[in-house]
Amino acid sequence: MNNRQSLFDKLWEQHIVVPETPESPAVLYIDLHLVHEVTSPQAFTVLAERGVKVRRPDLTIATLDHSTPTLPANENGELPYATPAAKEQVETLIENCAHHNIRLLGLGDPDRGIVHVIGPELGLTQPGKTVVCGDSHTSTHGAFGALAFGIGTTEVGHVLASQCVLQRKPKSMRIVCDGELQPGVAAKDLALAIIAEIGADGGQGFAIEFAGETVRTLSMEGRMTLCNMSIEAGARFGMVAPDETTFEWVAGREYAPKGEALEKAINDWKVLASDEDADFDKEIKIDASAIAPMVTFGVSPDAAAPVDSEMPAAQSNVEQHAAEYMKFDPQQPFSANAVDRVFIGSCTNSRLSDLRSAAAIMRGRKVKDGVVALVVPGSESIKREAEAENLHTVFIEAGAEWREPGCSMCIAMNGDQGLPGELVVSTSNRNFIGRQGKGVRTVLASPATAAASAIEGRIADPRKYLEAGNDV
Amino acid sequence: MMFEPFQRLTSRTIVLSQENIDTDQIIPARFLTTTSKEGLGQSVFFDWRYNTEGRLRNDSPLDGFAPSEFEILVAGPNFGCGSSREHAPWALSDFGFRAVVSSDIADIFKSNALKNGLLPVEVDKKTHQQLMKTPGAEVTIDLESQTVRIGHDWQTVFEVEAFARRCLLDGVDPLGHLIKQLPTIEAYERRRDEL
């Protein structure tokens with residue numbers, strides 16, 4: 001072992017079961033496998049066809065989030081599924097988990113929630129672990145100094161059967177963010193600014209470490225938002241070195257080590273940070289103090305600009321096509337665009353601090369007439385915490401809908417979606433054409449920007465709502 | 001488990017020249033509630049091919065021909081970006097494609113495609129441009145020699161991960177390889193438990 005290893009090098013090396021050769025990828029051990037209903041059924045089918053059992057149900061945990069309704073059950077206890085297929089998919093995971101002895105945080109479970117919210121919440125996600133899930137936003141867990149990445153369904157089957165994946169080591173990139181984020185600027189804005197800087201494929205083939213003073217001062221929620229969006233720059237892996245902020249967050253959670261075991265674990269976690277002279281294949285510097293609240297104006301997450309700027313003129317056919325889809329007039333300020341819907345939620349921005357930030361702006365104000373605003377907490381636990389603080393009352397009194405936890409309008413496969421042509425300001429992660437419903441135009445933004453836009457009925461700068469006590 | 005081996009493919013191309021074609025375009029999320037891999041081909045690029053009433057528009061390069069004659073999809077850069085849904089390669093395969101050629105293919109899509117007999121081929125920019133401007137061209141992709149030939153006078157090589165290439169050439173799936181490693185995996189677990 002040399003002393004010029006990066007966080008990523010260390011995490012990788014500790015999980016090699018069989019080293020990589022020119023002929024074959026490394027066999028990499030997986031410490032935590034998170035499973036949800038959409039990307040797992042076909043993997044369980046392959047296991048059944050081969051007569052293979054789930055090798056480590058104790059390292060596997062499942063939840064229901066993508067296809068589940070966010071409206072409550074009717075008086076007969078029936079949930080309003082979008083389609084019979086959605087219900088069948090949920091029932092399939094329930095059966096598969098029962099059959100293979102996998103803990104399922106199912107409907108009615110007080111710990112159910114979006115897969116990338118509950119892993120950290122339960123203390124399952126820990127520094128030094130490898131975490132996979134059949135979901136590209138698995139990079140979220142990298143916020144803890146874990147090696148976390150999204151896999152396909154075939155690989156879900158591989159992990160269920162062997163607790164390993166076949167993976168070649170990607171190149172490494174360090175994004176160093178220095179400078180203080182200005183008031184009203186959130187981790188989401190930092191993420192969008194980075195993606196705008198490096199491009200939607202700028203991180204392709206790389207594992208990204210986010211470093212620098214700005215990242216060190218981010219809360220765990222902020223770090224999760226940042227790592228969550230790594231894949232929108234094309235990188236499967238995003239990570240932050242664990243530090244006191246991380247240890248404090250993990251300690252005391254259900255699956256976290258306790259007592260002496262925790263002390264020992266923290267000692268192990270402390271040495272994970274990149275060595276001073278660690279080598280990276282690529283290094284990028286970001287001046288975080290210059291970042292404004294960001295909004296996207298196209299159909300790829302890298303088309304992002306400050307909320308108080310104007311629609312740039314298209315420089316290529318691709319940009320022209322995107323501008324036509326978005327119906328944003330060139331040289332018009334973004335604030336000229338009327339909003340039909342606002343979505344506050346998703347694995348990017350559905351945590352308590354996100355809800356607090358949105359509530360700080362909505363408190364005592366009303367959602368603009370004609371705008372539908374949906375607030376969807378990331379988990380049952382967040383829902384309880386938010387309700388204990390009366391945040392739900394703030395949203396409901398403002399005229400927003402307070403829903404049950406789930407992925408909801410981020411992927412729009414549970415029936416929560418916009419109508420063709422509508423403009424949605426969304427705290428989720430993807431503004432692809434039709435992502436939030438056929439023909440829907442998506443603007444990605446922070447919870448504060450989304451809340452301000454709901455109030456004004458047009459794309460709005462949250463900074464004008466900054467006042468004493470309004471911590472966005 | 002055995003699959004149909006992929007050795008050499010000669011077919012005509014369909015070109016979708018847009019940049020950043022994401023997996024939501026390839027297969028919209030509302031089709032992901034399936035619990036099987038079958039039949040996703042009819043929903044491939046659904047919102048590009050059908051109008052709001054669900055009728056086939058027939059104005060997409062993907063329609064109005066016999067899919068069996070066009071097994072190669074040529075696409076703009078950063079093809080397959082976005083989600084990890086394996087439904088994207090399942091849908092493309094089920095539609096009839098056996099290879100996707102671009103200058104730049106997203107990581108997770110590439111990894112998923114290789115496991116489903118759909119060969120992702122990343123070619124140099126010049127070859128890519130040539131392919132983009134000649135829809136319907138006859139192209140031969142030879143996985144053994146890792147070459148792409150356009151017509152008679154254009155040939156180039158491409159990179160493909162060695163293990164995935166072997167699996168495709170032999171028609172075997174990698175799960176067998178992992179299961180063979182079980183004793184080593186168990187030894188790794190024991191070593192870790194002792195720490």
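I started at A:Trp402, which is buried at a relative accessible area of 14% (buried means under 20%, exposed over 50%, partly exposed in between, with a 1.4 Å probe and protein chains only). This is a predicted model, where local features need pLDDT of at least 70, side-chain atom pairs count only at pLDDT 80 or more, and totals for chains, interfaces and linings use all residues. Residues are numbered from 1 along each chain as its sequence is written, chains are lettered from A and ligands numbered from 1 in the order written, and side-chain values use heavy atoms, leaving out hydrogens and water.

**Rings**

I searched the whole structure and got 14 aromatic pairs over all chains (Phe, Tyr and Trp rings, the six-membered one for Trp, with centres within 6.5 Å; planes under 30 degrees apart are stacked, over 60 edge-to-face, the rest tilted). A:Phe395 and A:Trp402 have ring centres 5.8 Å apart and planes at 20°, so I logged them as stacked. A:Phe395 is buried, at 0% relative accessibility. Over in chain B, the rings of B:Phe31 and B:Phe46 are tilted, with centres 5.0 Å apart and planes at 50°. I also noted one aromatic cluster made of A:Phe8, A:Trp12, A:Phe149 and A:Phe237.

**Cores**

Next I looked up the largest nonpolar core, which has 81 residues (buried Ala, Val, Leu, Ile, Met, Phe, Trp, Tyr and Cys joined through side-chain atoms within 4.5 Å). A:Phe395 and B:Phe109 are among the residues with the most contacts inside it. Apart from that core I found another, of 80 residues, including A:Val132 and A:Trp249.
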